[in-house]
Amino acid sequence: CHLFFYASTSDYLIGLDPTFFAVKDRERYELWRNINRGKVSDFMPALRETFKADFMLVHRSSSDFLYTRCQEEVRAGNLKLCIRDVDDDWALFKVVK
């Protein structure tokens, strides 16, 4: 929630409630949901092309699979770790273009 306050000029895909995203663009919502659930193993093309994301904030409690995959993408050079929670529950990644 603090992120919305401090970075109020940024665009957010999901925010606090994914329902608005699902209503606005069902196809992209389903893709995001499949990525989050681990049904899309190579999500980097979608992240870059479909979502045009510059950053990705991932919570381990929401998707341990995605959190772990993001760590792998850091090692592969596709994401850059910007900041990680001291309890390792969330991390902010920059998408390497």
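Reader: What makes D64 partly exposed in this model?

Author: The model is predicted, and in it D64 has a relative accessible area of 41%. Buried means under 20% and exposed means over 50%, so a residue at 41% is partly exposed.

Reader: Why is the contact of D64 with R60 called a salt bridge?

Author: The closest N and O atoms of D64 and R60 are 2.9 Å apart. A salt bridge needs a side-chain nitrogen of Lys or Arg within 4 Å of a carboxyl oxygen of Asp or Glu, so the pair at 2.9 Å qualifies. R60 is at 29% relative accessibility and therefore counts as partly exposed.

Reader: How many salt bridges does the structure hold?

Author: There are nine. One of them joins D54 and K97, with N to O at 3.5 Å; the cut-off is 4 Å, so this pair also counts. D54 is in the loop between α4 and β1 and K97 in the segment after β3, 43 residues apart.

Reader: Why are D54 and K97 put in separate accessibility classes?

Author: K97 has a relative accessible area of 62%, and exposed means over 50%, so K97 is exposed. D54, at 43% relative accessibility, counts as partly exposed.

Reader: Why is N36 called buried?

Author: Its relative accessible area is 19%. The limit for buried is under 20%, so N36 is buried. N36 lies in helix α3. Leaving aside neighbours within four places in sequence, N36 is in contact with S62, S63 and L66.

Reader: Which residues of α5 are buried, and what covers them?

Author: The buried residues of α5 are L66, Y67, R69, C70, Q71 and E73. Their cover includes α3, α4, β1, β2 and β3.

Reader: How do you know that the span of α5 is close to the expected one?

Author: α5 covers residues 64-76, which is 13 residues. From first C-alpha to last, α5 reaches 19 Å, close to the 18 Å expected at 1.5 Å a residue. G77 follows α5, and the phi of G77 is positive, near 90°.

Reader: What makes β1 and β2 the edges of the sheet?

Author: The three strands form an open sheet in the order β1-β3-β2, with antiparallel pairing. β1 and β2 each have a single partner strand, so one side of each is left without a neighbour in the sheet. The twist averages 25° from one strand to the next.

Reader: How do you know that β2 and β3 pair?

Author: Two strands pair if there are at least two bridges between them; β2 and β3 have five, in the antiparallel sense, so they pair. K94 in β3 is the bridge partner of K80. α5 packs on the sheet, touching β1, β2 and β3, and its direction makes about 120° with that of β2.

Reader: What is the pattern of the chain along the sequence?

Author: The pattern is α-α-α-α-β-α-β-β, from five helices and three strands. Of the 97 residues, 27% are buried.

Terms used:
Residues are numbered from 1 along each chain as its sequence is written. This is a predicted model: local features need pLDDT of at least 70, side-chain atom pairs count only at pLDDT 80 or more; totals for chains, interfaces and linings use all residues. Side-chain values use heavy atoms; hydrogens and water are left out. Helices (H or I, at least four residues) and strands (E, at least two) are DSSP runs, numbered from the N terminus. The expected span of a helix is 1.5 Å times one less than its number of residues. Buried means under 20% relative accessible area, exposed over 50%, partly exposed in between (1.4 Å probe, protein chains only). Contact means heavy atoms within 4.5 Å. Axes are lines fitted to C-alpha atoms, for helices over the stretch in contact, and angles run from 0 to 180 degrees between N-to-C directions.
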